[in-house]
Amino acid sequence: MLRLNVKTQNKYDVYIGCDFDGLKIDLLGKKALIVTDTNVAPLYLQKVQGLFFGCFVSTKIIGAGESFKNFQTYTDILKSLCDLNFTKNDAIVALGGGVVGDICGFVASTYMRGICYYQMPTTLLSMVDSSVGGKTAIDFCGVKNLVGTFYQPTAVYINVSFLKTLDKLQLSSGIGEVVKYAFLMGNDISNLTLDNIDENLIYSLVNYKRQIVECDEHDNGLRHLLNLGHTIGHAYEAILNLPHGVCVLKGIDHVIDISQKFYGLSDLTVSKMKNLVNSFGILNQFNHHFLKASKTDLFDKIKVDKKAQGDKIDMVLLCDIGNAKIEKITLKSLGELL
Ligand SMILES: NC(=O)c1ccc[n+]([C@@H]2O[C@H](COP(=O)([O-])OP(=O)(O)OC[C@H]3O[C@@H](n4cnc5c(N)ncnc54)[C@H](O)[C@@H]3O)[C@@H](O)[C@H]2O)c1
């Protein structure tokens, strides 16, 4: 298994492998609650339960998908912890995609002012992005991730073979985040296909995120780079209810156009970027959906984005592949550039 150590205030390891053979997680004398969703439970819950020893393991199955990343699910999990008499010594295990990971992290950070939690991501998106870095959240009042905390996991265990059961739509969503990293890091993903994602790819992207998170754990500056494509992406997500990473990819497509106007990029640079953003054919596949969101709809959502401060918003723009910059621009000019 590959291993990375994330040196945030609370340090932790990320283990990345293509199976969990031989893995034993020792939680001697503790209780553990494995939280997973209705799709992941029949596939992996039993297998994962067997990894823990020396502890009393319970399970909790929540609804699958973004619509369950809400206050009700949050309180349901808290209630389970209370019913099971969990104390500060005990631990939560998030087995699932970004939805399970974000909500479990939020529960873990607030129950008794903080208990341990382990991330076991099962989607590509959660392996390369959401399971590392300690952003926890639930959606509230129709706003994505409105309520949340920064709370680093105790450890992250990534088993790339879990991707074998992921459908193409969710793989494409993860690819959206992989392409985001390619824009930020400038790494070559031209040989990447939906079938050859391996632990080395996951390692390199998590390692990049690790460096950013270590410099800016609480998202005060540099970490904003990881929001590339997210401001417009979240607007699409809210309007069209498409998977997160697919919307991020569409957000990056807009960012390329905005960057061209903002920096006066050459046609050659823009065409290189467009090739990258279109490299998996995902945008084409969803184009008929994207057309349903008007500029007015998008702008209305962008105005209420958490990243907006007064009449300004931090936008991550692109000077080139591998060269992103954070620019503070007014909402009015963003509306004009859209
Ligand atoms: N915390 C962060 O830093 C961060 C970063 C990026 C995204 N996010 C959040 O992550 C969420 C999206 O995560 P996601 O894309 O993983 O979505 P998800 O958790 O909804 O999972 C997508 C779907 O795949 C199913 N699934 C999961 N693993 C599976 C597997 N191995 N086999 C078969 N089916 C499987 C799930 O049941 C679900 O239906 C969003 O809420 C987003 O805001 C958080």
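The structure is a predicted model, in which local features need pLDDT of at least 70 and side-chain atom pairs count only at pLDDT 80 or more, while totals for chains, interfaces and linings use all residues. Residues are numbered from 1 along each chain as its sequence is written.

The chain is divided into domain 1 (2-165) and domain 2 (168-337), with bounds that come from an automatic or database domain assignment. Taken over C-alpha atoms, the centres of the two domains are separated by 26 Å. Across the boundary, 26 residues of domain 1 are in contact with 29 residues of domain 2; contact here asks that the C-beta atoms, placed from the backbone, lie within 7 Å.

Which elements build the side of domain 1 that touches domain 2? At least two residues each are supplied by β1 (2-6), β2 (12-17), α4 (124-130) and β10 (143-150). Helices (H or I, at least four residues) and strands (E, at least two) are DSSP runs, numbered from the N terminus. The largest share, five residues, comes from α4. By class, this side has 17 nonpolar, six polar and three charged residues. Ala, Val, Leu, Ile, Met, Phe, Trp, Tyr, Cys and Pro count as nonpolar, Asp, Glu, Lys and Arg as charged, and the others, Gly among them, as polar.

Now to the sheet. Three strands form an open sheet in the order β12-β13-β14, with antiparallel pairing; strands pair if DSSP finds at least two bridges between them. At the edges lie β12 (308-309) and β14 (323-330), each pairing on one side only. Two bridges join β12 to β13 (residues 312-320) in the antiparallel sense, and A308 stands opposite I313 in β13.

Terms used
Two residues are in contact if their C-beta atoms, placed from the backbone, lie within 7 Å.
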